[in-house]
Amino acid sequence: MDIASESRSAPHAAAAVPVLAWLSGRARPYTRPGSCSAIDKCAVVGRVRIGEHGLEGDEQGDRRVHGGADKAVHHYPFDHYRRWREELGAHALLDAPGAFGENLSSVGLDEASVCLGDRYRCGGAVLEVSQGRQPCWKLNDRFGVADMARRVQASGRTGWYYRVVRSGEAEAGDALALIERPWPHWNLQRLATLLYTRTLDRDELRAALALPLVPSWRKLVENRLARDAVEDWGSRIEGPASA
């Protein structure tokens, strides 16, 4: 089965998986002039409050493109770290969760088994999958790999974001349990294929408009249909010029 047809299959609903770590970070000046980032996150010890805009104490360096209700919590599967070590070699960032600036780390879920709109309960909070991650240039500088963002995008190992449906507290070791799946045929792998590979598949683009897309993704799909062209990814992936 090829990737395209596989991505149309309804994924198996994984059993509840334990959270390896919740992570948060403070915004600090970053690598390029005028830039700021909170990508360097550390594991939270004990319980953490998860509210409408994410983990209590967590920050974002550029609120124009990070954070907000639709990007409240970033989940990156620890399952992917082995593949990155195979591709990049030994790298200190890959020794523990947090390499990709994630707020939530787990084993047992990935882009093929998670669908847009999925709702998960963890501790006292309920999270809803709102969108996949569109990797940006800050990953290049963090890893010291000039094309890291492009590699993450091409691999499909991007991670995803949640909005917080119900605020609450959680901690490492709590179960992340699927409680609702309204769009079982739209896993994040299928969306990534549409976004980055079959970019002008008009049937898929029209089908995607039926989904509860965040405004920026809806605009992206509508623009592709209207213009029959793909938006420029350069500024997101390459970023501003280094000093």
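Start with a side chain: a polar atom of the Ser 130 side chain lies 2.6 Å from the backbone oxygen of Asp 70. This is a predicted model, where local features need pLDDT of at least 70 and side-chain atom pairs count only at pLDDT 80 or more, while totals for chains, interfaces and linings use all residues. Residues are numbered from 1 along each chain as its sequence is written, and side-chain values use heavy atoms, with hydrogens and water left out.

Ser 130 belongs to strand β10, residues 125-132 (strands are DSSP runs of E, at least two residues; helices are runs of H or I, at least four; both are numbered from the N terminus). Its relative accessibility is 2%, so Ser 130 counts as buried (under 20% relative accessible area, 1.4 Å probe, protein chains only). Setting aside neighbours within four places in sequence, Ser 130 is in contact with residues including Asp 70, Leu 116, Tyr 161 and Val 214 (contact means heavy atoms within 4.5 Å).

Next, helix α4. Which residues of α4 are buried? In this helix, residues 148-155, they are Met 148, Ala 149, Val 152 and Gln 153. They cover an arc of only 140° around the axis, which puts them on the same side of α4 (the arc is taken from the directions from the helix axis to the C-beta atoms). The buried residues pack against α2, α3, α5 and α8. After α4 comes Gly 156, with a positive phi near 80°.

Last, a sheet. Three strands form an open, antiparallel sheet in the order β6-β5-β12 (strands pair if DSSP finds at least two bridges between them). Three bridges join β5 to β12, and Val 48 stands opposite Ala 170 in β12.

Technical notes:
Buried < 20%, exposed > 50% of the residue type's maximum accessible area, 1.4 Å probe, protein only. Polar contact = N/O pair within 3.5 Å; in protein donor to acceptor, adjacent residues only side chain to side chain.
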